[in-house]
Amino acid sequence: MPATLPAGARPTRAMQLANFAVSQAAWFAAVLGAAHHQPLAGTLSVLAAIGWHLAVSACPAHEAGLVLWACLVGVVAETGIVLQGHVVYPSGQPFAQLPPYWMVALWGLLAIALNVTMRWLRGRLWLAAGLGAVVGPMAFSAGVRLGGAQFLQPGAALATLALVWAAALPLLVWLSVRFDGVAEPEPPHA
């Protein structure tokens with residue numbers, strides 16, 4: 001696999017598989033790190049995954065912009081979830097009104113999949129909304145089962161998560177088109 005993709009290229013199957021494997025490993029490291037009161041270790045794993053992704057991207061600056069936007073969306077979304085009071089975290093939350101830093105990092109981790117393994121969602125924002133409403137709470141519930149968080153009011157928490165992810169995933173897909181550094185469009189021919 002080349003270090004970067006040429007302009008106009010789409011992610012190869014090998015790049016998609018590598019992106020999926022790296023993302024999953026970093027997700028587990030972050031959640032298990034938080035569960036075992038080592039949130040910094042898990043967050044460093046996420047940052048390493050993001051660094052790897054930027055290193056293999058055709059335009060790292062665009063992908064870094066997408067990661068930053070995703071983290072900003074994550075701060076807003078997760079702060080809303082924290083303020084609802086339906087979820088508590090075992091570690092990595094320096095201020096009670098703000099989400100744990102490792103949760104915000106997970107939003108950046110999601111961003112590295114948007115232009116690679118989740119690229120097929122482009123132009124399908126309604127599908128992204130439906131998928132977000134289902135998969136977002138499922139992923140969060142998996143993190144709860146691993147000890148990264150605890151639901152105080154499971155029904156209310158899952159309903160909130162479904163609404164948040166139904167709005168957030170289409171927004172992130174829309175942003176991914178504008179900040180595509182994986183497969184840059186070819187310049188127009190003169």
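Q: Is His37 buried or exposed?
A: This is a predicted model, where local features need pLDDT of at least 70 and side-chain atom pairs count only at pLDDT 80 or more, while totals for chains, interfaces and linings use all residues. Residues are numbered from 1 along each chain as its sequence is written, and side-chain values use heavy atoms, with hydrogens and water left out. His37 sits in the loop between helix H1 (13-35) and H2; helices here are DSSP runs (H or I, at least four residues; strands would be E, at least two), numbered from the N terminus. Buried means under 20% relative accessible area, exposed over 50% and partly exposed in between (1.4 Å probe, protein chains only), so at 52% His37 counts as exposed.

Q: What is the phi of His37?
A: Most residues other than glycine have a negative phi. His37 is not a glycine, and still its phi is positive, at about 60 degrees.

Q: Which helix gives the largest share of the nonpolar surface patch?
A: The patch is made of Leu40, Leu44, Leu47 and Tyr101, with about 390 Å² of accessible area together. Patches take residues with over 30% relative accessible area and no salt bridge, joining like charges within 9 Å and nonpolar side chains (Val, Leu, Ile, Met, Phe, Trp, Tyr) within 5 Å; the areas come from the Shrake-Rupley method with a 1.4 Å probe, and for residues only the protein chains shown count as cover. Leu40, one of the patch members, is exposed at 51% relative accessible area. Three residues, the largest share, come from residues 39-56, helix H2.

Q: Which residues does Thr43 contact, apart from its neighbours within four places in sequence?
A: Thr43 is in helix H2, and with 9% relative accessibility it counts as buried. Contact means heavy atoms within 4.5 Å. With those sequence neighbours set aside, Thr43 touches Tyr101, Trp102 and Ala105.

Q: How far is Ala41 from Ala29 in space, C-alpha to C-alpha?
A: Ala41 is also placed in helix H2, and it is partly exposed, with a relative accessible area of 42%. Ala41 and Ala29 are 12 residues apart in sequence, and their C-alpha atoms are separated by 7.6 Å.

Q: How are H3 and H6 oriented to each other?
A: The axes of H3 (residues 60-84) and H6 (residues 154-178) come within 11 Å; these axes are lines fitted to C-alpha atoms, for helices over the stretch in contact, with angles running from 0 to 180 degrees between N-to-C directions. They cross at roughly 170 degrees. Under 35 degrees is roughly parallel, over 145 roughly antiparallel, 65 to 115 roughly perpendicular and the rest oblique, so H3 and H6 are roughly antiparallel.

Q: Which residues of H3 make the contact with H6?
A: On the H6 side the contact involves Thr160, Leu161, Val164, Ala168, Leu171, Leu172, Leu175 and Ser176. On the H3 side you'll find Leu66, Trp69, Ala70, Val73, Ala77, Ile81 and Gln84.

Q: How many residues apart are Asp180 and Arg119?
A: Side chains of opposite charge can pair when their charged atoms come close. Asp180 forms a salt bridge with Arg119, the closest N and O atoms being 2.6 Å apart; the term needs a side-chain nitrogen of Lys or Arg within 4 Å of a carboxyl oxygen of Asp or Glu. Asp180, in the segment after H6, and Arg119, in the loop between helix H4 (101-114) and H5, are in distant parts of the chain, and their separation in residues is 61.

Q: Is Arg119 buried or exposed?
A: Its partner Asp180 is buried at 7% relative accessibility. Arg119 has a relative accessible area of 11%, so Arg119 is buried.

Q: Which residues are linked in the network of salt bridges?
A: A search of the whole structure turns up two salt bridges. Besides the Asp180 pair with Arg119, the side chains of Arg122 and Asp180 meet at 2.8 Å, N to O, and that pair ties together parts 58 residues apart in sequence. Arg122 counts as partly exposed at 24% relative accessibility. The network members are Arg119, Arg122 and Asp180.

Q: Which residues does Ser141 contact, leaving aside its neighbours within four places in sequence?
A: Ser141 is in helix H5 (residues 125-145), and at 13% relative accessibility it counts as buried. The contacts of Ser141 are Phe151 and Leu158.
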